Each structure stands twice: as structure tokens, then as C-alpha cells.
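Reader: I would like to learn how to read a structure like this one. Please show it to me first.

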Amino acid sequence: MTEQAVLASKNAHKLEELRRVLAAQVPELELLPYDGDAPVESGLTFEENALIKARAACAATGRPALADDSGICVDVLGGMPGMFSARWAGPGRSDRDNLELLLWQLTDVPDSAREAQFVAVAAVALPDGRELAVRGTWPGTILREVRGEGGFGYDPIFLPEGETQSAGELTPERKDALSHRRRAFDALAPKLRELLGLDHAA
């Protein structure tokens, strides 16, 4: 039995990553791209915004919908950029603009105080109204310069705890195994199987 769900994101990198992440635990799930309108992310938490996106995609397609809301939270900045990570440098600015602004803001912050964590909340919304959101975190520190060209977003300036390479230098396989998104969707996967009735399918 194959179940189809949509990913409430137009980010091709994210779709590819989540297909890899979910393949091991929910191989019956075919994750489809979503080309509908993006809702206003008016939530005050990662959880609220993830559910807003999942509900909108579910309502638009009539299919189960997955979504995530994620960002980088820097301790010395009081957890910012947080939910504003994707637009930290302003409307229409690029990933590079965002990370360069963050590096500039941390210029005078010593290495001992550059702790940060990536946070991701994975959410699912079903046509029958059931929904769920779970959180995953990936601790580390902010580097002083860009390292690596892989990944996306703030990956090239994030050094994961216990690693010697930035998230932008890690192989896709290594990043998949460690990332905040992996941790969130790993926590969601068994609950997703239950919600979709996959464990009881013939």
C-alpha cells in the first residue's frame, strides 16, 4: 500500500532531504511537491507556523500534508533569529544575506559564547482534522566565517556539536543523520504511520 502526502513547501532542497529522511521509516509514503499558495505564517511559535502550513496544504489538496518550520536560535541573541531566520536580512533577501548579517552581528562575540541550535518542528495535518507537531533540535556553535558550499540557509556557518566540519561541509548523508529536521521527522515518523494506518495495512 502506498500513501501519498504533500509537503507544504516550495523548497526543492527540503523536499529532496525529507524524501531521504522518511524513506527508511515510512517507505510506503510518497511525498509530493505542493504548488499552492503559501499561507500567512501568523503563529508565535515554530509549532504554530508548521501547523498553519500543513493545514493550508491539506485543505488545498485534500491529501495528508506535512510541513516544517525551522530556524537557527542563537543563545546570545536571546534565541533569535528563530522564527525569522528565513527573512532575517529583510524581505526578498537571500540565504547569503541572512547569514552574513548574522556573522556581522556576532563579530565581537567570543568563541565561548557563540552557542546556537537549529530547531525544526515537523507537523502533519490530515483531511479528517487530526494533526500533530513534534520538535527536533541540533546544538552547535556559530563559526566566524563561511565553510563549505553544501546544504542551504545557515548551514555553512553552523558547526554541529561533536563535529569538525560545518553543516555546509557535511555530506548529505551525514547531515541527514544529524540534522534538526531529521530529529523532528524521526520523532514524527512512528506517529505518522499510526495516523495513516500504515501499520495495519494488508
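Reader: Is R93 buried, exposed or partly exposed, and what is its relative accessible area?

Author: Buried means under 20% relative accessible area, exposed over 50%, and partly exposed in between, with a 1.4 Å probe and protein chains only. R93 has a relative accessible area of 44% and is partly exposed. This is a predicted model, in which local features need pLDDT of at least 70 and side-chain atom pairs count only at pLDDT 80 or more, while totals for chains, interfaces and linings use all residues. Residues are numbered from 1 along each chain as its sequence is written, and side-chain values use heavy atoms, leaving out hydrogens and water.

Reader: With which residue does R93 form a salt bridge?

Author: A salt bridge is a side-chain nitrogen of Lys or Arg within 4 Å of a carboxyl oxygen of Asp or Glu. The partner of R93 is D97, with the closest N and O atoms 3.1 Å apart. D97 is partly exposed as well, at 24%. The whole structure holds 18 salt bridges, and one network of them links K14, E17, D68 and R181.

Reader: Where do D155 and K175 lie?

Author: Their side chains form a salt bridge of 2.6 Å, N to O. D155 is in the loop between β5 and β6 and K175 is in helix α4, so the pair ties together parts 20 residues apart in sequence. Helices (H or I, at least four residues) and strands (E, at least two) are DSSP runs, numbered from the N terminus. Both D155 and K175 are buried.

Reader: In what order do the strands form the sheet?

Author: Strands of a sheet pair through backbone hydrogen bonds, either parallel or antiparallel. Here two strands count as paired if DSSP finds at least two bridges between them. Six strands make an open sheet, ordered β2-β1-β3-β4-β5-β6, with mixed pairing. At the edges are β2 (29-32) and β6 (158-160), each pairing on one side only. Strand β1 (residues 3-7) runs parallel to β2 and is joined to it by four bridges; A5 stands opposite L31 in β2.

Reader: Which residues do ring pairs link into a cluster?

Author: Rings of Phe, Tyr and Trp (its six-membered ring) pair if their centres lie within 6.5 Å; planes under 30 degrees apart count as stacked, over 60 as edge-to-face and the rest as tilted. The count is three aromatic pairs, and ring pairs join F118, W138 and F158 in a cluster.
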